[in-house]
Amino acid sequence: MNKTVNQKAWFLVLPVLVLVAFSAVIPLMTVVNYSVQDTFGNNVFFPAGLEWFRDTLQSDRMWASLGRQIMFSAIILAIEVPLGIFVALNMPKKGAWVSVCLVLMSLPLLIPWNVVGTIWQIFGRVDIGLFGYLMAQLGIDYNYTQDALDAWFTLVIMDVWHWTSLVALLAYAGLQSIPDAYYQAAKIDQASRWKVFRYIELPKMQGVLLIAILLRFMDSFMIYTEPFVVTGGGPGSATNFLSIDLVKVALGQMDLGPAAAYSIMYFLVVLLISWVFYTVMTNIDKRGGA
Amino acid sequence: MSATTTDAAATRARARTGRRFNTSALVMVLYLVFLFLPIYWLINMSLKPNSEILGGVTFWPRNFTFDNYVTILTDPSWYMGYVNSIIYVSLNTLISITVALPAAYAFSRYHFMGDKHLFFWLLTNRMAPPAVFALPFFQLYSSIGLFDTHIAVALAHCLFNVPLAVWILEGFMRGVPKEIDETAYIDGYSFGRFFTRIFMPLIASGIGVTAFFCFMFSWVELLLSRTLTATEAKPIAATMTRTIGASGIDWGVLAAAGVLTIVPGALVIWFVRNYIAKGFALGRV
Amino acid sequence: MAKITLSGLAHSYLPAPKSDEDFALKELNHVWDDGQAYALLGSSGCGKSTLLNIISGLLIPSQGRVLFNDRDVTEAPTAERNIAQVFQFPVVYDTMTVRQNLAFPLQNRGANAKYVAERVNQIAQMIGMEAELDRKARGLTADAKQKISLGRGMVREDVNALLFDEPLTVIDPHMKWQLRTQLKELHHEFGHTMIYVTHDQTEALTFADKVVVMSEGRVVQIGTPQDLFERPEHTFVGYFIGSPGMNLIPADVRGSRAIVAGSEVALGRSYGEPDGKVELGVRPEFVRFAPEGEGLSARIKRVEDVGRHKIVRLEFGEHDINAVMSEEEDLPSGSAFIRFDPVGINIYSNDWRVQPQGGQVQ
């Protein structure tokens, strides 16, 4: 669409600007402010330069959390994206079952995150949970509160349960927008099922998949509530993700300076990786196109 | 023409499902069972007394009871949690959409100084980890006396919902031809009247989808809403920690509270189900 | 390439059609000759897409059979029919290059690489896209994409038929002309059986050897463009084709004479005494002015100059009549006398044309 130049459009954007300035800029400035100061309590501050940043960068604990965080996001993306596409391909195209599937699939998305945590906390327990019970019946030694691997397994399957539907719904929307003529043409060209997927469905889903991947990356990278409820970061620090670690630093130890520096770097990492994802994926799109 | 094409499609779909019905249906059934099992377990548990829950695994309640629900629905400190949650979620959805509508219109129709940077900056807020903002929010809202109010949580949730709303709405608005605006202005509509009478009905499904997303992300968030409230506006999700008492966890009540938090979400989905199917496909999302 | 036989073909979208009304396509028997270019012409909802879908195998007809040469393909799936189709809007594989797009149907059928490469180059030359061969299909203009779909349709030498479903809908007017001409050249060169669905009479008349006119699920006439112009078999063909369409006036026909709005008109041929709803049809091109006092008295309402000719809107009794006059013709003003050239007169009974009996009558 060819847009016209109109500086008055700023007035239309103004409410958003004011609101976001209030709910984002002011708090962010506070964080920046803390990150370069030190305090002995009683609201007496003095400048600390970039010391907190240096400290945080040298903290093994932060690097370990970052490593765990990246691993977690990578695992859930590797499972949820293909699985979501697969589910979308198998969803009914029309009829009463479409509504049923849409409603049932959206359900996990609208459960408060701590309830999601609670559900899986219960579900995985060997004494009162179905999943834990079945694992025990199968003779598998499973205990997510004791074993790091089991804890990871529980968190990953919980996230898959929680979020695969989002990917599936977005992919389904992409599939629905493909005109029938494409499938007819593919039949005439005798394209195999795989080629239909590779050359028709996948390219048409590219836009929505970019959104799905970005949303899933951002939200998994910022995950806090669910693992906090299920494992609380444990056993030990096996599932201590960035947000959990940050809250531990900020609220647990009341170290405002380091927490603020930590926050800023955390935010920048999310921005950086999102930007990389976005650029890479839109470049695939353009390559050889022009 | 359109009638014949649709019918042709239906015939084709029939032919295709005839061949692939079994595998597709099987995949969907398996997936839906996977989605539903943990929820079934929660419901199952919420209908049992604690003695049965702790006594061993039973696949359906032997001593069927509604006591856990009665406990919640008769105690204001419990059920006010739901009321609080619903109030701030509704407030947030309303605020987000109200401010996002004109902004999305501006982004979809006009070029103006710094528009691209502004749009990108808005989106970066969606990427801000709530954990980063928890503490400064607490200080900010305390200092202006909004701590423990519904509006505080509603405003805080604007952090991630407004950018999202602008983004989704902009996608839908781009799909509406500009000629419609121009025709309306030529017909003598003022901007306000055009926007509310003509434009908004055209993107109704977009607004539906946006509202759904705003509701969803505000309803499920706990970190910020818990940090910004104490008693007056405490969300239900935070109230659930009450089940951990001196005598251990009251599993039955915890499960019942969990089930009750699923209900509003399920209702919302049911009401917008037609918008989801249509809306997801229409816009960019 | 193949001869297509439609035998007793009819289709209804309802599971148990009862009356004639329930059929989207009413019973049809016809043989479409090998190597001819046909146009299916009709307004929206006339059943032309239904017919096309039956031929391409997307629909299985409720009754009747479809034969390609002598093979019954009524229930054969699309892929087995070995046809090619170009759709209303361009269907191309966006992520592939133009070359890959063109090679796709051949590769899927396991053709050897050398043949594919040669054939692709040949087709690219035909559609004039050699320069763009290695560009991604995404980002090309609509008409370039439509050319690719066309090329993909022609890349297989052995296709039974090439089907076009309103292929020029999304193309700019000046490109339409160019593509249509190109299509016609390709047809002359390779002699595929082509079926071209359109609601645009100019497209149909300029493209096809034979035009199949459809109305309300029925084929009303199959003929050359000239047949359709001079001898419309049905009143629908009369007013649907031509600009403006044929004038139709209720008439009382007695042999070679007709009484029209109280005046007598010589028909040139004898039509017996047709019954039912009888109408006299005459194209505006065959309406002439007569000397003062002769012929039929009419009144000129309006004259529209459309460049190459003038359209005269006349009032004749209580009927409206259009006449097409050359630019040079001097027009009387107000009242005028007109006559109908007997060559251009057709008589219709209940909308169908009445065959004249015997030869010319003076």
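This is a predicted model: local features need pLDDT of at least 70, side-chain atom pairs count only at pLDDT 80 or more; totals for chains, interfaces and linings use all residues.
**Entry 1: chains A and B**

I began with where chain A meets chain B. I found 75 residues of chain A in contact with 79 residues of chain B. Next I asked myself which element gives the largest share of the side of chain A that touches chain B. That turned out to be helix H1 of chain A, residues 9-35, which supplies 14 residues. I then sorted this side of chain A by class and got 53 nonpolar, 18 polar and four charged residues.

**Entry 2: a strand pair across the two chains**

I looked up strand E1 of chain A (residues 4-5) and saw that it pairs with strand E1 of chain B (residues 110-111). The two run in the parallel sense, with two bridges between them.

**Entry 3: chains A and C**

I moved on to chain C, where 20 residues are in contact with 15 residues of chain A. On the chain C side, helix H2 (78-81), strand E6 (84-86) and helix H3 (98-108) each give two or more residues. H3(C) gives the most, with three residues. By class, I wrote down 10 nonpolar, five polar and five charged residues for this side of chain C.

**Entry 4: chain B on its own**

Last, I went through chain B, which has 13 helices and three strands. Of its 285 residues, 46% are buried. I also checked its contacts with a separation of 6 or more: 81% of these join residues 24 or more positions apart.

Conventions
Residues are numbered from 1 along each chain as its sequence is written. Chains are lettered from A and ligands numbered from 1 in the order in which they are written. Two residues are in contact if their C-beta atoms, placed from the backbone, lie within 7 Å. Helices (H or I, at least four residues) and strands (E, at least two) are DSSP runs, numbered from the N terminus. Ala, Val, Leu, Ile, Met, Phe, Trp, Tyr, Cys and Pro count as nonpolar, Asp, Glu, Lys and Arg as charged, and the others, Gly among them, as polar. Two strands pair if DSSP finds at least two bridges between them. A residue is buried if 20 or more other C-beta atoms lie within 10 Å of its own, exposed if 12 or fewer, and partly exposed in between; C-beta atoms are placed from the backbone.
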